[in-house]
Structure formats: structure tokens, C-alpha cells
Amino acid sequence: MDELTTSSFKTTGSKWLLPVSDFFGFPLDQVNFLACQVFALGAAFWFRFYLSPHFTSPVVRHAVATLFGLSFVIFCFGWYAVHISILVVVCYRILVTADIHNIHRYTMIMAISYLAVCQVSRVFIYNYGILSTDFSGPLMIITQKTTMLSFQVHDGMCKKRQDLTADQRLHAVDSKPSLIEYLSYNLNFLSILVGPCSHFKDYIDFIEGRHVQRRLSGSNTGQNGYDKVPEPSPMAAVTRKLLICGVCMVLFLTLTKAFPITYNVDSHFINEAPFLTRLAYAFFSIQAARPKFYFAWTVADAINNAAGYGCKGVDEAGQVSWDLISNISIWEIETATSFKKFIDNWNIQTGVWLKTVCYDRASCYPTALTFILSALWHGVYPGYYFTFITAIPITLAARTVRKNVRQYFLSSHPVKLVYDVVTWAATQLCICYTVMPFLLLAVGPTMQYYRSMYFHIHIISILTVIVLSQSHKPRGSSSSNGTKPGPYDPHPQAQPQLQPSNNNVKRK
């Protein structure tokens with residue numbers, strides 16, 4: 001307990017909740033984060049009911065959302081919140097003063113460079129520890145928002161509509177935002193701590209009261225559009241997501257602590273335990289590490305929904321979906337039978353950002369450039385780069401197997417079921433192997449882990465690509481099977497389209 005208390009005092013954020021931290025034995029940064037998110041949930045309900053766009057001006061809603069957001073980052077990070085404010089102010093200065101043809105380039109260079117400098121300092125300051133003063137999370141979200149908005153302003157003000165893709169036309173911004181709009185979009189309390197990043201036009205529609213109307217009816221006209229369609233309540237979605245958060249919290253307090261990641265590189269464990277035991281422990285320790293991510297992203301999603309933001313449309317059953325800005329699909333992750341499907345459902349909004357600012361715009365090598373940008377955005381810890389590099393041969397191998405082998409297992413349902421079970425197990429083991437360096441961070445532990453695993457996934461993946469690529473291509477195989485070239489595809493997995501409709505909208 002003394003050690004925990006000492007480390008807690010290293011925070012530059014508020015120490016008001018230090019007695020709570022000491023009593024429960026949780027790090028102060030986690031206590032502060034949880035307190036802010038609980039407050040944000042209550043504030044979101046208040047924001048929806050008492051600052052409704054029906055009777056509150058957009059300026060007031062922008063101002064309140066911004067002030068709450070700034071209060072959260074000051075409470076959690078103290079004077080380190082200055083870094084977040086500096087990046088937002090400088091990027092807005094670029095947006096309003098720089099050449100409109102280059103604002104997206106200048107903003108990207110500025111945001112990524114500033115983030116990289118802060119990430120480097122994080123390594124030297126914390127020496128691979130992630131302590132209370134780690135402000136990089138909000139800074140990463142700000143980087144996404146500032147860069148994506150600059151590209152969308154460039155699309156709306158510089159390019160002809162026929163030169164844009166369908167997504168780019170949908171999200172293009174045809175005028176520069178005001179200062180209060182820019183601050184609110186980047187610093188609002190709904191997403192300042194853990195995201196998610198969302199499109200600027202969607203956020204402005206939410207603030208000005210058009211969000212639900214446009215999603216449910218497809219109408220793009222009328223300032224008071226929310227009066228035209230009965231506005232559904234998000235309570236069912238919020239309740240469901242909070243229940244998921246409760247389960248994740250229980251799992252975090254039990255499984256996560258019972259299967260520490262660092263035990264994978266414990267010398268005694270490596271030397272004494274057989275290979276299959278070590279493989280099994282790696283699987284369970286990675287599974288046990290997921291609930292904290294599930295919790296953080298799901299509670300952030302619930303907070304946005306509680307404020308009335310996140311309506312996606314009406315599904316086939318006539319139910320309103322509130323998953324527009326969801327960052328994860330837990331069921332799809334846990335049942336993923338391919339590496340790509342797992343990636344597509346993990347940190348979804350970051351995939352949207354990478355697609356928006358890089359993948360769809362790169363004139364050459366879009367996959368490689370997207371990998372580089374993703375690595376730069378995540379930080380400078382070597383483990384991150386081990387993860388991204390390892391993912392390349394695994395993704396190539398998975399795609400090669402799908403092209404050359406999968407069709408032989410589609411003859412009957414039992415055979416297909418066997419194939420799905422095998423590919424599920426292979427996917428989950430490959431995910432464990434790939435993301436382990438992401439959690440170990442440093443070069444030494446990463447190499448120690450891979451040596452203990454005999455680099456078996458690396459070897460199997462490379463041999464699979466070589467052998468199957470040289471074999472005769474089966475009849476019926478085609479490159480147009482829906483996969484993108486290259487080892488990384490940030491496009492979301494195909495989902496049934498939610499159709500805007502005012503039919504069958506059920507009032508909750």
C-alpha cells in the first residue's frame with residue numbers, strides 16, 4: 001500500500017480522491033478517470049434533458065460541453081492539460097489562416113509531430129510505466145479530430161464533388177468552423193478522455209438538434225428537424241451498455257489481476273513450464289486484458305448515447321440503433337474467425353480515421369502508409385512496432401488460406417462448422433501472439449516472449465504464404481473476393497445497411 005500511495009502522488013492531476021484510491025487499492029489515475037466518467041454520464045442525461053436543442057441555443061450547448069471537457073482534463077492531468085489546449089489552438093490557427101489547399105497537410109504534420117514529441121517524452125519520463133500523468137490518450141483523440149476535420153474542410157472547400165468518394169462527399173465541410181464549434185468538437189466532455197472520434201458534421205447535427213432526424217428520416221432540411229420524427233429514447237441502449245460495463249468491471253477485478261501479462265516473460269515460468277502450458281497462459285492472459293478496453297470504450301459510448309448522440313438509424317427489426325460511434329463490437333471480436341474480422345471490430349473509429357485521412361487518399365502504397373501512420377499515432381514504444389510488423393505476415397497468410405483452402409470446407413454445414421472452429425482458434429492464438437508486444441512495450445521482454453514461443457507464428461505464417469502462393473490457384477478463386485490488397489484494410493467489415501426511415505420507429 002505504501003508503494004501504491006507513493007506512486008499515486010506522482011500524478012499532476014487532482015488528489016482529492018486519494019483516500020478513495022488508498023482505501024480500494026486502485027491507482028489514483030484510474031479512480032480519477034472513473035469519477036469523471038460517472039460524472040459525465042450524469043451530465044450527459046442533464047445535457048439531453050435540460051439543455052435540449054428544443055429550447056437551448058447551439059452556442060450554449062457548445063460552451064457547456066467545452067467547459068465540462070476542459071474541467072475533466074484538468075482534474076485528471078493537471079498542468080499537462082496545457083499540451084491538449086496547445087494542440088487544439090495551434091491546429092485551429094492553421095485552419096483559419098493557412099492556405100486552404102494545404103491546411104490538411106499542415107495540420108497533419110503539426111498534430112502528428114506534437115503527438116510524437118509528447119510520446120517520446122512519455123517513454124523517457126515513465127521508463128515504460130504508464131502512470132497518472134499519462135495524458136497521451138486525450139492527445140491521441142485530439143490528433144484524430146483535428147486532422148480529420150482539416151481533410152473534410154479541404155474536401156468541402158477545395159475539391160469538386162465529382163472528385164470525392166461517396167464517404168468524402170457525405171462528410172465534406174463546406175465552411176470553416178467557428179472557434180466555439182472547433183473547441184466544442186475537440187474538447188467536449190462526451191469524448192475528451194477516451195473518445196471516440198466522430199465526424200464533425202455528425203457532431204454539429206447533434207448540437208443543433210438535427211442528428212436523430214437525419215438518421216431516422218434522411219431529411220437534410222430544416223433547422224428544427226427534430227420535431228418531424230418522434231425522437232426515440234436512448235435509455236435501452238444506455239442500460240444495455242452499462243450492464244456490459246458492469247460485467248467488464250467484474251472481469252477486470254478478477255481475471256485481469258489473476259492473469260498478469262508480465263508472467264508470460266517470467267524466467268522461472270519460461271524455463272519450467274512446457275510449451276503448451278505457456279501457450280495456454282498467453283491465451284488466457286490476453287483474454288483477461290481485454291475487459292479494461294471493453295469497459296473504457298463501452299462507457300464512453302453509453303455517455304454519448306445518454307446525451308442523445310450516436311443514433312445510427314433503424315435496423316431490419318424496426319429498432320433504433322445507437323451504435324453510430326461505437327468503438328467495439330464485443331461479440332464480433334470474441335467470435336472472430338479471421339484476423340481481419342477481429343481488426344475491423346476493434347477500435348472501430350480509429351479505423352474510420354485511418355481510412356479517412358490516409359487509406360482512401362494515398363496515391364500509392366496505401367497499406368504501407370496506413371501502417372506507418374497507425375504506428376506513429378500509437379506511440380514510440382518498440383512493442384507497438386513489433387505488433388504492427390508481426391501482423392503483416394499473419395494477415396497475408398490468413399488471406400492466402402482463405403483464397404486457397406476455404407472453398408473446400410463449404411460443402412456441408414458440419415464441415416463448415418469444423419472450419420469455423422479451427423479458424424476461430426487459430427485467429428485467437430494469432431491475436432495473442434501479435435498483441436503481446438503491444439502490452440509488454442519494451443524490446444527485451446518482447447524478444448524474450450517470442451523466443452519462448454520459438455517464433456512459431458512468424459515461421460508458420462511465412463511458410464504458409466510461400467507454399468500456398470506457389471501452388472496451383474484453385475478454380476473459382478478470384479482476386480475480387482472482397483478483400484483489399486495489402487496486409488492491412490481499415491475498412492469496416494460489411495454490415496447490413498441501416499436504412500434511414502421514419503417507419504416502425506418505436507418510442508422507448
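Just after α21, Y454 takes a positive phi of about 60°. The structure described here is a predicted model.

- I459, I462, L463, I466 and V467 make a nonpolar surface patch of about 440 Å².
- One of these patch residues, L463, belongs to helix α22, which covers residues 456–470.
- L463 has a relative accessible area of 47% and is therefore partly exposed, as this class lies between the limits of under 20% for buried and over 50% for exposed.

**Spans listed in UniProt**

- An unreviewed UniProt entry lists residues 31–51, 63–95, 107–125, 242–263, 383–401, 421–443 and 449–468 under "transmembrane region".
- In the model, residues 63–95 are 91% helix and 0% strand, and the end C-alpha atoms of this span lie 20 Å apart.
- Residues 242–263 are 77% helix and 0% strand, with 31 Å between the end C-alpha atoms.

**Salt bridges**

- Side chains of opposite charge can pair when their charged atoms come close.
- A salt bridge joins the side chains of E208 and R210, with an N to O distance of 2.5 Å.
- E208 counts as buried because its relative accessibility is 15%, and R210 is likewise buried, with a relative accessible area of 12%.
- E208 and R210 also belong to a network of salt bridges that links them with D205 and R214.
- D323 and K241 form another salt bridge, in which the closest N and O atoms are 3.1 Å apart.
- D323 lies in the loop between β2 (320–321) and α15 (330–334), while K241 lies in helix α12 (residues 235–258), so the pair ties together parts that are 82 residues apart in sequence.
- Within this pair, K241 counts as buried at 3% relative accessibility, whereas D323 counts as partly exposed at 32%.
- K355 forms a salt bridge with D360, and their closest N and O atoms are separated by 2.9 Å.
- K355 is buried, with a relative accessible area of 11%, whereas D360 counts as partly exposed at 30% relative accessibility.

- W331 is found in helix α15.
- The relative accessible area of W331 is 64%, so this residue is exposed.
- W331 and N345 are 14 residues apart along the chain, and their C-alpha atoms are separated by 9.1 Å.

Definitions and conventions
Residues are numbered from 1 along each chain as its sequence is written. This is a predicted model: local features need pLDDT of at least 70, side-chain atom pairs count only at pLDDT 80 or more; totals for chains, interfaces and linings use all residues. Side-chain values use heavy atoms; hydrogens and water are left out. Patches are made of residues with over 30% relative accessible area and no salt bridge: like charges are joined within 9 Å, nonpolar side chains (Val, Leu, Ile, Met, Phe, Trp, Tyr) within 5 Å. Accessible areas come from the Shrake-Rupley method with a 1.4 Å probe; for residues, only the protein chains shown count as cover. A salt bridge is a side-chain nitrogen of Lys or Arg within 4 Å of a carboxyl oxygen of Asp or Glu. Helices (H or I, at least four residues) and strands (E, at least two) are DSSP runs, numbered from the N terminus. Buried means under 20% relative accessible area, exposed over 50%, partly exposed in between (1.4 Å probe, protein chains only). UniProt positions are given in the numbering used here, feature names are shortened, and annotations may be inferred rather than shown by experiment.
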